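Let's take a friendly walk through a protein fold, going from one residue out to the whole chain. Keep the viewer open and turn the model as you read.

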Amino acid sequence: MTLDELPHRARAVVVSVDGSGPDRSRVMDLGLLPGAEVTAHLHSPLGDPTAYLVRGCLIALRRSQARLIQVRAT
């Protein structure tokens, strides 16, 4: 599944990061690398963006960015 499909408060492990360009670079710079644990932490009222807990930091990603990240639920 992709990160944008991860249910609220669910945990997953990053499997891969797809895409290219600045969006891919940004998510990788934020620590979303293969093997990293991620938790869907907070959703905005309209559902976009979503805040994720990654390596002890809370980061916000738009749905289009979260779709680039393949995850496996834990």
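Is threonine 39 buried or exposed? Bear in mind as you look that this is a predicted model. Threonine 39 has a relative accessible area of 14%, and because the cut-off for buried is under 20%, it counts as buried. You will find threonine 39 in strand β2, which covers residues 37-43. Once neighbours within four places in sequence are set aside, its contacts are Leu6, Arg9, Ala10, Arg11, Ala51, Tyr52 and Leu53.

Leucine 53 sits in strand β3, made of residues 50-54. Strands β2 and β3 run antiparallel and are joined by five bridges. Across this pairing, leucine 42 faces alanine 51 of β3. The two strands make a hairpin with six residues between them, and in its turn glycine 47 shows a positive phi of about 90°.

On we go to β4, which spans residues 57-61. Strand β3 pairs with β4 as well, again in the antiparallel sense and over five bridges. Here leucine 53 stands opposite leucine 58 of β4. This hairpin has two residues between its strands, and arginine 55 takes a positive phi near 50°.

How covered is β3? Four of its five residues are buried, so the strand is mostly covered. Leucine 53, by contrast, has a relative accessible area of 33%; that places it between the limits of 20% and 50%, so it is partly exposed. Together with Leu42 and Leu58, Leu53 makes a nonpolar surface patch of about 250 Å².

Now for the charged side chains. How many salt bridges does a search of the whole structure find? There are two. In one, the side chains of arginine 67 and aspartate 4 meet at 3.4 Å, N to O. This pair links distant parts of the chain, 63 residues apart: arginine 67 lies in the loop between α2 (63-66) and β5 (69-73), while aspartate 4 lies in the segment before β1 (11-17). Arginine 67 is partly exposed at 46% relative accessibility, and aspartate 4 is partly exposed at 25%.

The other salt bridge joins aspartate 48 and arginine 62, whose closest N and O atoms are 3.9 Å apart. Aspartate 48 belongs to the loop between β2 and β3 and arginine 62 to the loop between β4 and α2, so this pair ties together parts 14 residues apart in sequence. Both partners are partly exposed, aspartate 48 at 30% relative accessibility and arginine 62 at 45%.

Finally, step back to the whole protein. It has two helices and five strands, and from the N terminus on its elements follow the order β-α-β-β-β-α-β. Its radius of gyration is 11 Å, close to the 11 Å that the globule rule gives for 74 residues, so the protein is as compact as a globular protein of that length. The C-alpha trace spans about 30 × 25 × 20 Å along its principal axes. Of the contacts with a separation of 6 or more, 58% are between residues 24 or more positions apart. Buried residues, threonine 39 among them, make up 34% of the 74 residues. The accessible surface comes to about 4300 Å², and 53% of that belongs to carbon and sulfur atoms.

Key: Residues are numbered from 1 along each chain as its sequence is written. This is a predicted model: local features need pLDDT of at least 70, side-chain atom pairs count only at pLDDT 80 or more; totals for chains, interfaces and linings use all residues. Side-chain values use heavy atoms; hydrogens and water are left out. Patches are made of residues with over 30% relative accessible area and no salt bridge: like charges are joined within 9 Å, nonpolar side chains (Val, Leu, Ile, Met, Phe, Trp, Tyr) within 5 Å. Accessible areas come from the Shrake-Rupley method with a 1.4 Å probe; for residues, only the protein chains shown count as cover. A salt bridge is a side-chain nitrogen of Lys or Arg within 4 Å of a carboxyl oxygen of Asp or Glu. Buried means under 20% relative accessible area, exposed over 50%, partly exposed in between (1.4 Å probe, protein chains only). Contact means heavy atoms within 4.5 Å. Two strands pair if DSSP finds at least two bridges between them. The radius of gyration is taken over C-alpha atoms; the globule rule is 2.2 Å times the number of residues to the power 0.38.
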